[in-house]
Amino acid sequence: MSRVSPADLPRREISANLYKSGVRAMPVTALVGFLIGVVLSYLSALQLKQFGADIFIVNIIGLGIVRELGPVLVAILVAGRSGSAMTAQLGVMRVTEEIDALATMGVQRGLRLVFPKVVALIVALPLLVLWSTAIALIGGMVSAQVQLDISYGFFFQTLPRVVPAANLWIGLAKGAVFGMFIALVACHFGLRVRPNTESLSSNTTASVVSAITVVIILDAFFAIATRSIGLPS
Amino acid sequence: MNTPVIRIRDLSTRFGEVWIHKGLDLAIERGEMVSLVGGSGSGKTTLLRMVVGLLLPDQGDIEIFGEPLFGGGIARERELRQRFGVLFQHGALFSAFSVFDNIAFPLRELKRYDEDAIHDLVMLKLSMVELLPRHGRLMPAELSGGMVKRVALARALALEPELLLLDEPTAGLDPDRSDSFVRLIRMLGEELGLTVMLVTHDLDTLAALSTKVAVLAEQRILAYGSIDEIMHIDHPFIRNFFLSERSVRALQNSGLPAVPN
Ligand SMILES: Nc1ncnc2c1ncn2[C@@H]1O[C@H](COP(=O)(O)OP(=O)(O)OP(=O)(O)O)[C@@H](O)[C@H]1O
Ligand SMILES: [Mg+2]
């Protein structure tokens with residue numbers, strides 16, 4: 001019934017959303033990624049040194065960050081940053097009757113308001129995962145060099161061997177799925193806002209809390225579904 | 001006989017246990033300017049929102065230009081919606097867009113015009129509502145209350161609708177601005193041959209704009225007719241409403257400033 005031609009696709013909204021939730025999130029995801037990489041590496045190094053198992057630092061950091069921490073950290077940051085912004089934006093548009101104005105013009109709010117946000121996060125989140133994973137690995141590598149005297153060259157050579165590429169794909173797939181759900185949750189709560197400030201604030205809170213909960217639940221599903229993929233047996 | 005522009009039949013609305021409308025009927029003919037009046041909370045805004053399809057009635061049906069608002073596919077619904085414009089009480093301008101982009105929005109949605117044509121059309125609409133080309137660059141947050149209404153009116157008229165619906169067009173404007181806005185609506189209405197339905201509390205607006213008055217009371221349209229006819233109906237609400245108008249007039253005639261009520 002609803003035929004959507006390519007000309008109908010709200011390109012401007014999609015690229016605006018990509019910029020806001022993708023490009024603008026690069027500094028904070030880099031900072032958090034780097035620090036997590038350093039801390040994880042530091043704590044692991046303390047333990048590994050006791051057992052003389054220094055070189056396993058690459059396995060721990062590599063697997064942990066690429067498969068688990070990278071996607072989840074980025075998702076939580078984006079849920080807090082962009083999820084809340086999306087809910088608040090839709091909520092304010094409800095309060096100011098902008099959504100009603102769109103409806104009376106016959107604009108489909110699903111296509112115009114929800115779709116660009118979902119597409120933007122499905123694209124932006126995996127890219128942010130890649131970005132922050134890379135920086136977290138650098139953080140871990142620096143820390144490993146300082147603590148355990150593991151050279152960068154050794155780290156680079158060992159990483160692809162102990163962390164099969166499947167892990168990277170899993171991380172990126174998680175990013176896309178997390179992104180889709182964060183945007184859907186944000187839009188759901190945004191469109192539920194009643195025209196008053198109380199409803200606006202409670203829905204924004206609910207949006208962030210739900211998005212983070214959903215991300216963690218999805219992550220558990222991923223862990224189960226991918227338990228036989230990409231792990232050294 | 002022509003089909004009425006708006007036809008409401010046997011409409012009933014309930015919020016929780018309370019019936020707001022019960023068996024409400026109203027037919028508005030082409031070219032009329034109808035003021036909808038009624039006590040606070042009598043369901044005027046609700047009725048207007050139903051006419052434009054933002055709310056669904058619990059019972060009864062509404063036809064615009066002889067067609068139902070819903071059904072028949074998105075393309076048909078869209079086409080029907082392009083034949084009427086809505087002016088929301090607070091303007092409902094898209095706050096992320098400039099004045100220019102707000103007025104251009106419905107035109108761009110059509111995908112029928114190129115950017116040059118859109119530019120010309122927006123400038124035309126701006127001058128129609130007595131704004132200057134340079135106002136196009138402003139953001140909604142930078143506008144005065146009166147300007148917001150004018151921009152919203154320009155946007156509502158962008159697609160040259162046949163029907164204009166206004167919720168409290170003069171609420172929140174000072175008497176001067178309110179007068180000039182009413183004059184503008186009246187002039188454009190006559191020039192463009194619009195059918196107008198407006199909700200108002202303000203007697204000056206009502207007196208200056210309407211060819212007909214619809215009184216919403218007792219959950220239905222209690223009376224529908226010219227101002228003169230309505231004024232002679234003996235009903236507590238109508239008596240109250242128009243008596244206060246007389247007192248306002250009397251005050252004006254005696255040279256004292258009108259007391260806003
Ligand atoms: N979403 C809603 N949920 C419950 N009740 C509502 C809702 N919207 C309106 N009402 C009730 O319906 C009644 C009519 O409201 P409406 O806004 O249509 O009145 P109105 O005639 O426009 O009043 P006013 O002149 O004060 O603007 C009011 O009693 C209001 O409390
Ligand atoms: Mg009202």
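Two exercises follow, each with a worked solution.

This is a predicted model, in which local features need pLDDT of at least 70 and side-chain atom pairs pLDDT 80 or more, while totals for chains, interfaces and linings use all residues. Residues are numbered from 1 along each chain as written, chains are lettered from A, and side-chain values use heavy atoms, without hydrogens or water.

**Exercise 1.** Work out the strand order of the open sheet of six strands in chain B.

*Solution.* 
Step 1. Strands are DSSP runs of E with at least two residues, numbered from the N terminus, and helices are runs of H or I with at least four. Two strands pair if DSSP finds at least two bridges between them.
Step 2. Check the ends: β6 (84-87) and β10 (220-225) of chain B each pair on one side only, as edge strands.
Step 3. Zoom in on β3 (residues 33-38) and β9 (residues 212-217) of chain B: they run parallel, joined by five bridges. Here B:Leu36 has B:Ala214 as its bridge partner.

**Exercise 2.** Find which strand gives the largest share of the lining of the largest cavity.

*Solution.* 
Step 1. On a 1 Å grid over the protein atoms alone, a cavity is a set of points where a 1.4 Å probe fits but cannot get out; lining residues have an atom within 4 Å of a point.
Step 2. The largest cavity is lined by 17 residues, with B:Phe84 and A:Met105 among those nearest its centre.
Step 3. The largest share, three residues, comes from β6(B).

Conventions. On a 1 Å grid over the protein atoms alone, a cavity is a set of points where a 1.4 Å probe fits but cannot get out, and a pocket is an open set with protein on both sides within 12 Å along at least five of seven lines; lining residues have an atom within 4 Å of a point.
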